[in-house]
Amino acid sequence: MTLPFPARLAAAALALSLAPALHAQSAPEAKTLKALDPKLMDTSVDPCVNFYQYSCGGWLKQNPIPADRSSYGRDSELMDQNELVLKAILEKAAANNAGRTPNEQKIGDYYATCMDTSAIDSAGLTPIQPVLARIDALSSKQDLATLTGWLQAQGISSFFNFGSDQDYKDATQVIAEVDQQQLGLPEKGYYDRTDADSVKLRQQYQEHIAKSFVLLGESSDKAATDAATVLRLETALAAASLSTVDRRDPQNVYHKTELTAFDGSLPNFAFDRFLHGVDTPTVTSLNVTTPAYFEALNKLLGTTSLDDLKTYLRWTAIRQLPSTALPHALDEEDFAFYGRILSGQPEQQPRWKRCTRAVDGALGEALGQVYVEQRFSPADKARTLELTKDIEAAMERDIDQLSWMSAQTKVRAKEKLHGVANKIGYPDKWRDYSSLEVKRGDALGNAQRADSFETRREIAKIGKPVDHGEWDMSPPTVNAYYNPQMNDINFPAGILQPPYFDAKQDDAVNYGDAGGVIGHELTHGFDDEGRQFDAKGNLLNWWTPEDGKQFTERADCVVNEFNSFVAVGDLHVNGQLTLGENLADLGGIKLAFLAYLDRAQKAGVDTTKKGEPEYGGLTPEQQFFVSYGQGWCQNNRPENLKLRVQTDPHSPEEFRVNGVVVNLPQFQKAFACKTGQPMALATRCSVW
């Protein structure tokens with residue numbers, strides 16, 4: 001992925017009813033995972049007809065979706081294993097021994113407090129009262145900016161998001177940034193689509209808001225009125241927001257503006273008072289990502305009553321609190337909408353899993369430091385770096401042979417490639433959590449202080465040089481990313497485990513799976529978004545006009561290909577939304593294959609010779625592609641697929657396999673596919 005995809009919104013929940021405490025929940029035994037396992041294949045399927053089913057058919061049959069999931073895949077298997085490791089770490093740290101380090105105290109007490117649901121329920125609404133009281137006390141619109149600034153400092157965004165980011169045109173510096181608000185529904189289309197399902201979902205969302213207000217103590221009639229108010233205001237804000245597709249183009253979200261000009265454009269909101277409420281460093285200019293949104297917001301603030309604004313603020317404050325820190329009834333109400341209705345997930349996950357993730361979200365590097373000691377050796381890091389260097393060398397060779405790219409652009413492309421920083425496993429310098437107070441027995445307070453800590457940490461960067469050592473994911477995360485403004489690729493230790501990286505299996509397997517991930521992230525530097533940034537991370541067009549035209553034409557082929565795929569019901573994949581990830585999949589697996597062939601040739605390996613029974617008799621080239629395919633085995637509920645098609649820049653897994661290999665002559669040669677078969681079309685998309 002280009003940047004970490006936001007997780008599901010944390011719709012808040014507060015309640016007064018009690019639920020049993022879950023102090024000692026058992027965990028399942030860990031599976032033995034392999035990067036390539038012939039038992040997961042379905043060899044009754046012709047790989048040239050449906051390679052995804054050929055690679056994953058056995059796995060799909062053997063792994064129905066658990067009741068506490070909306071989907072289940074190979075990444076889920078690895079996350080399950082990582083969470084067992086984290087659970088053991090946290091239970092040990094939660095023992096409250098006198099010899100705990102400061103970080104062990106924080107992660108242990110955070111976890112123990114999250115697990116103590118009796119204490120959470122007993123606290124009821126008390127922990128959130130100071131926030132609600134500040135909102136209730138608002139007596140004038142003139143004080144709105146000061147209040148929302150104070151809320152932002154607590155980690156609660158209200159009408160817009162405020163934070164820091166690299167200056168798109170000066171990647172050495174961090175500047176302030178304002179952005180459109182992340183609303184209660186996943187993206188703007190949910191507010192304006194008129195089909196029956198969308199209308200029904202909005203009604204269910206409004207009912208969810210009303211039920212939440214009732215649990216906060218409102219009467220049913222007032223809660224219904226307030227829910228209608230919230231939906232009306234969110235709908236207005238959504239109408240002025242950029243779509244997920246539009247936001248993919250960095251040119252659409254960079255508008256550096258002098259502070260005085262921006263402040264003057266908001267006569268109904270005293271932005272200088274907001275900054276004072278947040279307690280920011282000196283701000284003289286900022287990036288206004290979506291100017292039209294703030295123009296509409298200013299009008300909305302002028303025409304909306306103070307009481308309605310306060311209703312909206314109460315909802316945003318509650319909605320953004322993590323449900324694990326809240327009493328049972330509203331925790332369940334949060335899940336009823338975001339879990340059951342929106343994602344199709346029948347049951348909540350076990351409490352220990354949810355609390356493990358809560359700790360990782362709040363104290364990821366404190367927890368990750370212990371995880372790395374147990375799960376990621378120096379040898380693992382060295383082998384991953386070797387893989388990465390091989391794939392970068394393959395990309396350089398690939399750039400040289402591109403017939404459609406001019407020599408001038410090739411020089412700049414290789415300059416950018418050579419500038420990529422490889423960050424593997426974990427950060428060189430661990431984050432300092434010494435100023436974050438974690439109190440045993442104060443779950444909601446811990447969550448609020450963690451949110452405030454992260455908000456203040458981000459805001460403190462304004463006006464300072466960029467820290468290139470920072471990570472945007474914690475070490476146990478099963479994911480990876482490329483950051484175009486940093487020009488770095490980042491592979492947390494959590495993903496560098498079987499079934500993605502398996503030190504016990506051959507190079508063909510690891511280049512197909514882990515190598516495909518590495519190649520994917522590297523290709524992001526040259527996809528439709530990444531190619532707009534130079535080697536230093538500046539938003540700068542380094543392409544000749546003709547080369548840019550050639551790239552766009554080739555990328556359009558990929559858009560059209562993926563637009564043709566039906567994901568669920570009559571919903572097609574959005575080829576424009578998923579373009580960056582599709583290009584990265586296509587380029588990544590090609591680069592990994594080129595790197596593997598080079599490695600195999602140097603080792604004297606015959607890549608077309610039938611392999612050992614351990615690998616199902618597959619040739620090394622076939623092993624490479626099957627290991628890639630098996631990395632994407634996943635079952636999805638229909639509701640989850642529908643949500644993803646409308647919000648997720650990643651295509652569903654079947655198309656990340658079949659939609660990629662259909663364009664690779666190397667795959668078709670490995671499996672002796674004949675032109676005209678579904679996986680061997682005569683017309684292919686070719687970019688890199």
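The structure is a predicted model, in which local features need pLDDT of at least 70 and side-chain atom pairs count only at pLDDT 80 or more, while totals for chains, interfaces and linings use all residues. Residues are numbered from 1 along each chain as its sequence is written, and side-chain values use heavy atoms, with hydrogens and water left out.

**Overall build**

- The chain holds 26 helices and eleven strands, where helices (H or I, at least four residues) and strands (E, at least two) are DSSP runs numbered from the N terminus.
- Its radius of gyration is 25 Å, close to the 26 Å that the globule rule gives for 688 residues, so the chain is as compact as a globular protein of that length; the radius is taken over C-alpha atoms, and the rule is 2.2 Å times the number of residues to the power 0.38.
- The C-alpha trace spans about 75 × 60 × 55 Å along its principal axes.
- Of the 688 residues, 60% are buried, a word that stands for under 20% relative accessible area, with exposed meaning over 50% and partly exposed in between (1.4 Å probe, protein chains only).
- The chain exposes about 26900 Å², of which carbon and sulfur atoms supply 52%; such areas come from the Shrake-Rupley method with a 1.4 Å probe, and for residues only the protein chains shown count as cover.
- Among contacts (heavy atoms within 4.5 Å) between residues at least 6 apart in sequence, 76% join residues at least 24 apart.

**Cavities**

- Rolling a probe the size of a water molecule over the atoms shows where empty space is left.
- On a 1 Å grid over the protein atoms alone, a cavity is a set of points where a 1.4 Å probe fits but cannot get out, whereas a pocket is an open set with protein on both sides within 12 Å along at least five of seven lines; lining residues have an atom within 4 Å of a point.
- Grid points are joined across faces, edges and corners, and a volume is the space filled by probe spheres set on the points; by this rule there are two cavities of 30 Å³ or more.
- The largest cavity has about 50 Å³ of space, and its lining consists of Tyr110, Thr113, Cys114, Pro322, Thr324, Ala325, Ala443, Asn446 and Ala447.
- Helix 3 (102-115) and helix 18 (443-459) each give at least two residues to that lining, which divides into six nonpolar, three polar and no charged residues.
- For these classes, Ala, Val, Leu, Ile, Met, Phe, Trp, Tyr, Cys and Pro count as nonpolar, Asp, Glu, Lys and Arg as charged, and the others, Gly among them, as polar.
- The second largest cavity has about 30 Å³ of space, and the residues that line it, including Arg644, Asp648 and His650, are by class three nonpolar, four polar and two charged.

**The second largest pocket**

- This pocket has a volume of about 340 Å³, and of the 16 residues that line it, Asp197, Leu201, Ile341, Glu639 and Lys642 are the closest to its centre.
- Helix 8 (196-215), helix 14 (328-343) and helix 24 (638-647) each give two or more residues to the pocket lining, which holds six nonpolar, four polar and six charged residues.

- Helix 6 (residues 144-153) is mostly covered, with eight of its ten residues buried, among them Leu144, Thr148 and Gln152.
- The cover over the buried residues of helix 6 includes helix 5 (129-136), strand 2 (160-167) and helix 18, and just after helix 6, Gly155 takes a positive phi of about 95°.

**Backbone details**

- Most residues other than glycine have a negative phi, and most peptide bonds are trans.
- The peptide bond from Pro498 to Pro499 is cis, with omega near 15°, and Pro499 is found in the loop between strand 8 (488-492) and helix 19 (507-512).
- Asn96 has a positive phi, near 65°, and lies in the loop between helix 2 (74-93) and helix 3, where it is partly exposed with a relative accessible area of 45%.
- Asp279 has a positive phi near 65° and lies in the loop between helix 11 (271-278) and strand 5 (285-288); Asp279 is exposed, with a relative accessible area of 56%.
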